[in-house]
Amino acid sequence: MLPQTNHPTTFSVICSDNDTVLNVLVDMGSAERQVLVEDYDAGKAVAFEKQISNLKEVYTIDGYKMFSRGSVQTVLPPNKKLRAGRLCGSFDDQIRNLDQSKSNVQKEADQCRKRKRDSEANLQHLQHGLKIMK
């Protein structure tokens, strides 16, 4: 029941020792029917030009998603707001990275506030000098 193509399927490139994960990807996502291709042109050829049975979707390395339902051909562009890292074994690394990012942003904000205070003090000094000159 696999699509007959020279390109790999999502299921064929997944490495997991956990059978439950593989079963969920097959049952819920039809990973065995999703084909992975190199580029947009190859994706169009696989998804639309050839009538491959049991093909659900075609994904390109660039992130395009292509599929056809009946006579309707659909190409979805890459999703730039895609959340990464949904499947992970530990959240500790993600929490640590987010804490580091937060710390960096706070440092940058403090530096910006200091520059603003210095600029305001310099402006006051210049305005005072202007009043004296007048």
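Visitor: Which residues does Ala 31 touch, not counting residues up to four places away in sequence?
Guide: This is a predicted model. Ala 31 sits in the loop between α2 (19-29) and β1. With residues up to four places away in sequence set aside, Ala 31 touches Thr 9, Thr 10, Phe 11, Leu 25 and Val 26.

Visitor: Is Ala 31 buried or exposed?
Guide: The cut-off for a buried residue is under 20% relative accessible area. Ala 31 has a relative accessibility of 3% and therefore counts as buried.

Visitor: How far apart in space are Ala 31 and Lys 56, C-alpha to C-alpha?
Guide: In sequence, 25 residues separate Ala 31 from Lys 56. In space, the C-alpha to C-alpha distance between Ala 31 and Lys 56 is 9.0 Å.

Visitor: In which element does Val 35 lie, and is Val 35 buried or exposed?
Guide: Val 35 belongs to strand β1. Because its relative accessibility is 0%, Val 35 counts as buried.

Visitor: With which residues is Val 35 in contact, leaving aside its neighbours within four places in sequence?
Guide: A contact requires heavy atoms within 4.5 Å. Once the neighbours within four places in sequence are left aside, the contacts of Val 35 are Pro 3, Thr 5, His 7, Pro 8, Thr 9, Val 46, Leu 55, Glu 57, Val 58 and Tyr 59.

Visitor: Which residues of helix α3 are buried, and against which strands do they pack?
Guide: Helix α3 covers residues 40-49, and its buried residues are Gly 43, Ala 45, Val 46, Ala 47 and Phe 48. Val 46 is also among the contacts of Val 35. The buried residues of α3 pack against β1 (34-37), β2 (57-60), β3 (65-69) and β4 (72-76).

Visitor: Where is Ser 71 found, and is Ser 71 buried or exposed?
Guide: Ser 71 is in the loop between β3 and β4. Its C-alpha atom is 14 Å from that of Lys 56, at a sequence separation of 15 residues. With a relative accessible area of 73%, Ser 71 is exposed.

Visitor: What is the relative accessible area of Gln 94, and in which helix is Gln 94 found?
Guide: Gln 94 is found in helix α4. Gln 94 is partly exposed, with a relative accessible area of 29%.

Visitor: In what order do the elements of the chain run from the N terminus on?
Guide: The chain has four helices and four strands. From the N terminus on, they follow the order α-α-β-α-β-β-β-α.

Visitor: What radius of gyration does the chain have?
Guide: For a compact globule of 134 residues, a value near 14 Å would apply. Along the principal axes, the C-alpha atoms fill a box of roughly 85 × 35 × 20 Å. Buried residues make up 16% of the 134 residues. The radius of gyration of the chain is 27 Å.

Visitor: How far apart do the centres of the positive and negative side chains lie?
Guide: The accessible surface of the chain is about 11,000 Å², and carbon and sulfur atoms account for 52% of that surface. There are 20 positive and 17 negative side chains, and the centres of these two sets lie 13 Å apart.

Visitor: Which element has the highest mean pLDDT?
Guide: The chain has a mean pLDDT of 84, and 91% of its residues reach 70 or more. Among the elements, helix α1 (residues 10-13) has the lowest mean pLDDT, 80. The highest, 92, belongs to helix α4 (residues 92-133).

Terms used:
Residues are numbered from 1 along each chain as its sequence is written. Side-chain values use heavy atoms; hydrogens and water are left out. Helices (H or I, at least four residues) and strands (E, at least two) are DSSP runs, numbered from the N terminus. The radius of gyration is taken over C-alpha atoms; the globule rule is 2.2 Å times the number of residues to the power 0.38. Buried means under 20% relative accessible area, exposed over 50%, partly exposed in between (1.4 Å probe, protein chains only). Accessible areas come from the Shrake-Rupley method with a 1.4 Å probe; for residues, only the protein chains shown count as cover. Lys and Arg count as positive and Asp and Glu as negative; His and the chain ends are not counted. The place of a charge is taken as NZ of Lys, CZ of Arg, CG of Asp or CD of Glu. pLDDT is the predictor's confidence in each residue, from 0 to 100.
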